[in-house]
Amino acid sequence: MLIKRLAVALLPVLLAACSGGASAPNSQTTTTVTPTPSPPPAIVNTLAVVMDAGPAALQVGTNGYSAFNEPYVTITICAPGSTTNCQTIDHIILDTGSVGLRIIQPVISPALLAALPVETQATGNGVGECYQYVNSFAFGSVRQADFQIAGEKVASIPFQAIGDSGTYANIPSTCSAGGGTPIKTVQDFGANGIIGIGTTATDCGAICAAGNSSAAIYYDCPTTGCSAVISRAANVTAPFQQLPNPVAAFPQDNNGTILTLPAVPQAGQVTVNGTVTFGIGTQSDNSLTAANILALTTSTSRLGPGLLSATYNGKVLTQSFLDSGSQEYFFIDTSLPICTQTALNAFYCPTSTLSLSPLITAVDGTTASGSFLLYNPNNVSNSSDVAPGLGVNPTLVKPPLPFANSFDFGVPFFFGKSVYTAIEGRTAGGRQGPYVAF
Amino acid sequence: MFIHNRGLQQSAVALTLLGLVLMPSSVANAALGAHALTINAERAQAGAQMQSFKMPDHMRYELVLPNGGSVHEFANAAGDIFAVSWSGPGKPDLRTLLGGHFGRLQEASGVGRARMLRQPAQVNRADIQIQTGGHMGYFWGVAYLPSLAPAGFSTSSLK
């Protein structure tokens, strides 16, 4: 607690010290004949997003590889209260499909790591966390850092140090029992870390507050190691217990995000540059101008938060979602040919470009077109190039096994669009979150 | 949950008693391919509630986990568990649920780099089929042993 209070007290100093930092020009489009330049945002709320070959450490060694279709941002973390013991970390995945800041521990310099306190419980024991992704899981300590992205700052934000050492070196059996591969390194993850900016304010909510587990599992970690699952309160303001959505934790611009990516040609592109803007309707540069505003399920939904329906080939798929952290479209269509190459396992290989037209239906009944062109991955010039319109079939069993209620609109759906993601319980641009808009 | 009107054939209490009398002490066998009598130990270990339903050609066991998630297990006339399915926030203990078949899921989870880094694991073989999926805080999947399924069984019943 003392550490947190000190950090809050020091935040104005930190803000003052950093306010001369990098600031992207505000590219405001205006339709007036004699435009008056908009005043610059009070807080720099826009940041570059890059899709490229990934962090340097990804490509090193015999197991090295280049990233594919990953939108990355750069963040800065500092020891709580310090303006000098800081590290700027590139190639953090910007993920609208998860929540929380997670950094691969070996990426953090030893001097900074030593100054990032592990969250503790009333007993004095440290807190560990397991976080499950669809085919993998990450385990590590929950530490605190002063956090900055663009001009937005959060003092003493809890984040997960994935693959942390010492007390946190052994993965609890209840974490690995869910299956999938453990994420410990940059090469396991394809990134130096991830910033989850999905629709919920914390990464678990009421389920972990009740001592159960969701994708997030919190652990009691005495020095002998982590084993017992513990409850963590779902506070949406400091002092946090669960990992917050970093955007929800901002002092301002905390109701959502806008991810803008350019259109990408079928042949692919080595590098794609876009932007993420924090806040919706909070500054001159983030007005809600999207044509389609689509309300999503909340944390109280039986099927989980952040969902809408997609109607495809006559089936209503009630567990559909938009996700910048999915590298392709994931959906089932048994009529489409599957690629035969091992390196394209489960990818669709249409004989010619197909126009697919899933219809998206929001929870309030609003509809929008989810149409896109499905391309053959063999027509992409280089396998690591950013590519649009690739699709994957998540079950090759015929007939498909029955959990076929999902259409995952991955990052290619964001190409050529500005996609708004509004956080649950927050009003954003005059509309109640959670919603996506484009 | 479209089949509740088929009627509850055995109560959880009755299964508990059966389990006490007949259950071998090891829960390591409580899994896909094992006998349905092992399900009760698995239920106890997970702190789950359970109901069972007699279907025309199989038994269906529905477990509700403490976090609200579901595990469904399907046994043939001989009592062999030929399929399991799961859905809910977080993943259940698949190491226990899949037993000796857990390795198949693991093999399928580790195949990807680059383009395939975040693909859900799937297994499509003659002896075993596994489908998985999910999103932020909600995961689902099904594992199926065709050779143990009743003749003419439709996988659409596996939800």
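Predicted model: local features only at pLDDT ≥ 70, side-chain atom pairs only at ≥ 80, totals over all residues.
**Exercise 1. Trace how strands S3, S4 and S5 of chain B pair.**

Solution. Start with S3 (residues 59–64) and S4 (residues 70–75) of chain B, which run antiparallel and are joined by six bridges; two strands count as paired if DSSP finds at least two bridges between them. Within this pairing, Leu63(B) has Val71(B) in S4(B) as its bridge partner. The two strands form a hairpin with five residues between them, and in its turn Gly68(B) has a positive phi of about 95°.

Next, S4(B) also pairs in the antiparallel sense with S5 (residues 81–88) of chain B, over six bridges, and here Ala75(B) has Ile81(B) in S5(B) as its bridge partner. The hairpin of S4(B) and S5(B) has five residues between the strands, with Gly79(B) taking a positive phi near 90°.

**Exercise 2. Describe the side of chain B that touches chain A, by elements and by residue class.**

Solution. The contact takes 44 residues from chain B and 48 residues from chain A, two residues being in contact if their C-beta atoms, placed from the backbone, lie within 7 Å. Elements of chain B that each supply at least two residues to this side include helix H4 (102–109), strand S7 (129–135) and strand S8 (138–144). By class, the side of chain B that touches chain A divides into 18 nonpolar, 19 polar and seven charged residues; Ala, Val, Leu, Ile, Met, Phe, Trp, Tyr, Cys and Pro count as nonpolar, Asp, Glu, Lys and Arg as charged, and the others, Gly among them, as polar.

**Exercise 3. Explain why chain A is as compact as a globular protein of its length.**

Solution. Chain A has five helices and 26 strands. Its radius of gyration is 21 Å, close to the 22 Å that the globule rule gives for 438 residues, and therefore chain A is as compact as a globular protein of that length; the radius is taken over C-alpha atoms, and the rule is 2.2 Å times the number of residues to the power 0.38. Along the principal axes, the C-alpha atoms of chain A fill a box of roughly 65 × 60 × 45 Å.

**Exercise 4. Locate the two domains of chain A and characterise their contact.**

Solution. The domain assignment, which is automatic or from a database, gives domain 1 (45–53 + 61–251) and domain 2 (289–437) of chain A. Their C-alpha centres lie 26 Å apart, and the contact takes 24 residues from domain 1 and 21 residues from domain 2. Strand S3 (residues 86–95) of chain A gives the largest share of the domain 1 side, three residues.

Definitions and conventions:
Residues numbered from 1 in each chain as written. Chains lettered and ligands numbered in written order. Helix = DSSP H or I, 4+ residues; strand = E, 2+ residues; numbered from the N terminus.
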